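Here is a short report on one protein model. Keep the sequence and the structure in view as you read.

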Amino acid sequence: MNPLIASGSMDRRLFFIIEALSDKPNIKMSISKLSEQAGASVRTLNRLFLSHFKASFKEIRNKVVMERAEQMMKKGISVTDIAFELEYSSISAFSTAFSKYQKQKY
């Protein structure tokens, strides 16, 4: 089960966003694009994220993307392929974001 969803009941609109994020996380995923498909306004979705996760969509997206990057690294996937898969604009942009995440994590 998806750890972001494990807490039980969740608004179906938020569930849709979490599923989309879990299926193929990428740094370019935006709440505004997903809001139409989820059937909720950006404002409503932001409120749902804050109330359910105590974090913004952007914070959750970044965490999911970085966790996926860690999984890929453990499998021996190259940094170039990881940056491409997660839709970073460059290897440098990915490396900077990953380093920042690692510092915050520890």
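A residue is called buried when its relative accessible area is under 20%, exposed when over 50%, and partly exposed in between (1.4 Å probe, protein chains only). This is a predicted model: local features need pLDDT of at least 70, side-chain atom pairs count only at pLDDT 80 or more, and totals for chains, interfaces and linings use all residues. Residues are numbered from 1 along each chain as its sequence is written, and side-chain values use heavy atoms, with hydrogens and water left out.

Most residues other than glycine have a negative phi. Lys54 is not a glycine, yet its phi is positive, at about 60 degrees. Helices here are DSSP runs (H or I, at least four residues), numbered from the N terminus. Glu87 also has a positive phi, near 65 degrees. Glu87 sits in the loop between H5 and H6.

| Residue | Relative accessibility | Class |
|---|---|---|
| Lys54 | 67% | exposed |
| Glu87 | 30% | partly exposed |
| Glu70 | 16% | buried |

**Helix H3**

How far apart should the ends of H3 be? The expected span of a helix is 1.5 Å times one less than its number of residues. For the 12 residues of H3 that gives 16 Å, and the end C-alpha atoms are 16 Å apart, which agrees. Thr44, Leu45, Leu48, Phe49 and Phe53 are the buried residues of H3. Seen down the axis, they fall within an arc of 140 degrees, so they line one face of the helix. The arc is taken from the directions from the helix axis to the C-beta atoms. Helix H1 (12–23), helix H2 (31–38) and H4 are among what covers these buried residues.

**Aromatic rings**

Rings of Phe, Tyr and Trp (its six-membered ring) pair if their centres lie within 6.5 Å; planes under 30 degrees apart are stacked, over 60 edge-to-face, and the rest tilted. The count by this rule is 4 aromatic pairs. In one of them, the ring centres of Phe49 and Phe53 are 5.5 Å apart and the planes meet at 40 degrees, so the pair is tilted. Phe49 and Phe53 are 4 residues apart in helix H3 (residues 42–53), a separation of about one helical turn. Phe49, Phe53 and Phe57 form one aromatic cluster.

**Helix H6**

Helix H6 (residues 91–105) has 15 residues and should span 21 Å; its end C-alpha atoms are 21 Å apart, which agrees. Which residues of H6 are buried? They are Phe94, Phe98 and Tyr101. They cover an arc of only 60 degrees around the axis, which puts them on the same side of H6. On the other side of H6, Thr96, Lys100, Lys103 and Gln104 are exposed. The buried residues of H6 pack against helix H4 (57–74) and helix H5 (79–85).

Glu70 lies in helix H4. Contact means heavy atoms within 4.5 Å. Leaving out residues up to four places away in sequence, Glu70 touches Phe98, Tyr101, Gln102 and Lys105.

**The largest pocket**

The largest pocket has a volume of about 280 Å³. Of its 13 lining residues, those closest to the centre are Asn62, Met66, Ala97, Tyr101 and Gln104. A pocket is an open set of points on a 1 Å grid over the protein atoms alone, where a 1.4 Å probe fits, with protein on both sides within 12 Å along at least five of seven lines; lining residues have an atom within 4 Å of a point. The volume is the space filled by probe spheres set on the points. H4 gives the most to the lining, with 6 residues.

Notes: Helices (H or I, at least four residues) and strands (E, at least two) are DSSP runs, numbered from the N terminus.
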